[in-house]
Amino acid sequence: MVGVALPGVNPQLTPLIHKIVGDPARVARRAAALARIGGRGTAVTRLGLSDEERRAHALVGDWLRRLGATVGRDEAANVVGRFGGMGASVVIGSHLDSVTEGGRYDGALGVVVAVEAMDALARARVRLRKPVEVVGWTDEEGVRFGIGLFGSAAAFGRLPPRAAGRADRDGISIREALRAMGLSGDPRKARIRSGTVRAYIEPHIEQGPRLADARIPLAVVSSIVGILHGRVTVRGRQDHAGTTPMGQRADAFAGAAEMALALERGAAARAGAVGTVGEIAARPGAKNVVPGECTFSIDVRAPAQRTLDAVVRDLRSSVARIAKRRGLEASIDVLNAVPVAPMDRRLRALLRRSCAAAGVDAPDLISGAGHDAENAQLAGVPTGMIFIRSRGGSHSPREDADPRDAARAATALAYAIRELCA
Ligand SMILES: [Zn+2]
């Protein structure tokens, strides 16, 4: 621009205009720094409420402090950096834990993108009139204590009953793990008072192939699938595998196998639904004994509540029918049921505009995985999500994402924050 004289414009008087733009190099650096905590090669093991997770929170806290935030930790060990003063805030972020031998980007990249969005806004000298909080949620994966989305559930008042008493394999409870970190041990105290959060926006890798296949870097999430987790128990009769004729058996495993296939068929028959049996155990568990009891897990997900309910209803009737025909007893215990969480309509529109400002024509995508965002939305906080293209699946060391895509997400998020808070 130097030397170009525009008629009527004095370059000395033209104010500096800084573009809001996320920086891929900074994103890559921060993502790599987080990946080193609990990392080995491209694998990361940073379980919820572990020392590794605490160190990741501390690192993110340092970044946020350097950008001018007031950083604190709530009673569920979530790290929160607040920009701006009093009043209700817009919360952005994701989680910092991983599964065992997971990847570098699930959760962590969302936090890095949120930090980068604040960095980009600061560099563009955007003045925020309303507060923004960047959060790193604790224990989203629920590997150690079996409660997924723990930190956000505590913050949004959606913890299951007696959550603090839940223990890991070594008998250490959540209460004890929190106390060991210098907290009170009561995660319910992390609950955010209603009316103090205006909106929650979570950037996250897609964890699936759809964006990579379509060659699009970003998407706006339209809804998060509903999930039902349950356990089916099938009781038959334990018998000698050699002396019991085929027509006289009550084989609990064979019945369970038929029920698993019924779930597969039922889910395949309904658009968008998926059904999985991932764990199965036969008792007594010996090769020469007809199994007397069999238990198996069920994981059913669907983008519409009606579809989810229908798959579960079909499964219930199949299980009853198969049990009756085979002379078995069967019961289904629902362990966890999370309703479908549609994302906020106005935030979806805002995020589409924001992605366009970052140069991306972002399509709508349904999230097949659960996310902290659903706790916010189900608690009545307007919620939106941006998906970042990723490769190599997820919950695996093959997980991969391009820092340039993440930087675009940061640009989009920064535009959204400017519109909500500046
Ligand atoms: Zn995640």
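The model is predicted: local features need pLDDT of at least 70, side-chain atom pairs count only at pLDDT 80 or more, and totals for chains, interfaces and linings use all residues. Residues are numbered from 1 along each chain as its sequence is written, and side-chain values use heavy atoms, with hydrogens and water left out.

**Stop 1: the zinc ion.** Select His 95, Asp 106 and His 204. Their NE2, OD and NE2 atoms are the protein donors, lying 2.0 to 2.2 Å from the zinc ion. Donors are N, O and S atoms within 2.8 Å of the metal (3.2 Å for Na, K and Ca); water is not among the atoms, so sites may look incomplete. Along the chain the spacing reads H-x10-D-x97-H. His 95 sits in strand β5 (residues 89–95) and His 204 in strand β7 (residues 197–205), 109 residues apart. Strands are DSSP runs of E, at least two residues, numbered from the N terminus. Both histidines are buried, meaning under 20% relative accessible area (1.4 Å probe, protein chains only).

**Stop 2: strand β9.** Select residues 226–235; 7 of the 10 are buried. Strands pair if DSSP finds at least two bridges between them. β9 pairs antiparallel with β14 (residues 293–302) over 10 bridges. Find Thr 233 and its bridge partner there, Thr 295. Now show β15 (residues 329–338), also antiparallel to β9, with 9 bridges. Val 234 stands opposite Ala 330.

**Stop 3: the rings.** Select Trp 137, Phe 156 and Tyr 200, a cluster linked by ring pairs. Rings of Phe, Tyr and Trp (its six-membered ring) pair if their centres lie within 6.5 Å.

Methods:
Helix = DSSP H or I, 4+ residues; strand = E, 2+ residues; numbered from the N terminus. Buried < 20%, exposed > 50% of the residue type's maximum accessible area, 1.4 Å probe, protein only. Phe/Tyr/Trp six-rings, centres within 6.5 Å; stacked < 30°, edge-to-face > 60°.
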